[in-house]
Amino acid sequence: MSSTIEELTIQYEEDGQIVVKELAKEVLTKGAWTTILFRYQQLDRKTEEFGKDMYTIRRFRKMNGEYRPQSKFNISSPAQARKIIDTLGEWLKEVED
């Protein structure tokens, strides 16, 4: 468990080998409920190489001084990521006008 937002990560190791490599993170909201967007790659155990960039949004809740994972949404493809970006862009235009 992590006690600070800076410590939160999705990087994961098994037997000293990184199997999920965190490339970047963007804190979207802070507080008792924290939301973070992560960019990462997973290790292909057959080829021993990391795959394509992937993205996930994770929510954490701080309880008793520790952040605990509460929910996650994995963006399944670049096409889905682009659709999310485009849709939010359109919606924000409507709000800002």
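Reader: What share of the contacts in the protein between residues at least 6 apart in sequence joins residues at least 24 apart?

Author: In this predicted model, the share is 32%, where contact means heavy atoms within 4.5 Å. Local features need pLDDT of at least 70 and side-chain atom pairs count only at pLDDT 80 or more, while totals for chains, interfaces and linings use all residues. Residues are numbered from 1 along each chain as its sequence is written, and side-chain values use heavy atoms, leaving out hydrogens and water.

Reader: Why is Leu88 called partly exposed?

Author: Its relative accessible area is 43%. Buried means under 20% and exposed over 50%, with a 1.4 Å probe and protein chains only, so a value in between is partly exposed. Leu88 therefore takes that label. Of the 97 residues of the protein, 19% count as buried.

Reader: Where is Leu88 placed, in a helix or a strand?

Author: Leu88 lies in helix H1, which covers residues 78–96. Helices are DSSP runs of H or I with at least four residues, and strands are runs of E with at least two, numbered from the N terminus.

Reader: Which residues make the nonpolar surface patch of about 480 Å²?

Author: Phe73, Ile84, Leu88, Trp91 and Leu92 make the patch. Helix H1 gives the largest share, four residues.

Reader: How does the radius of gyration of the protein stand against that of a compact globule of 97 residues?

Author: The protein has 16 Å, whereas such a globule would be near 13 Å; the radius is taken over C-alpha atoms, and the globule rule is 2.2 Å times the number of residues to the power 0.38. The C-alpha atoms fill a box of roughly 55 × 40 × 15 Å along the principal axes.

How values were computed. Patches are made of residues with over 30% relative accessible area and no salt bridge: like charges are joined within 9 Å, nonpolar side chains (Val, Leu, Ile, Met, Phe, Trp, Tyr) within 5 Å. Accessible areas come from the Shrake-Rupley method with a 1.4 Å probe; for residues, only the protein chains shown count as cover. A salt bridge is a side-chain nitrogen of Lys or Arg within 4 Å of a carboxyl oxygen of Asp or Glu.
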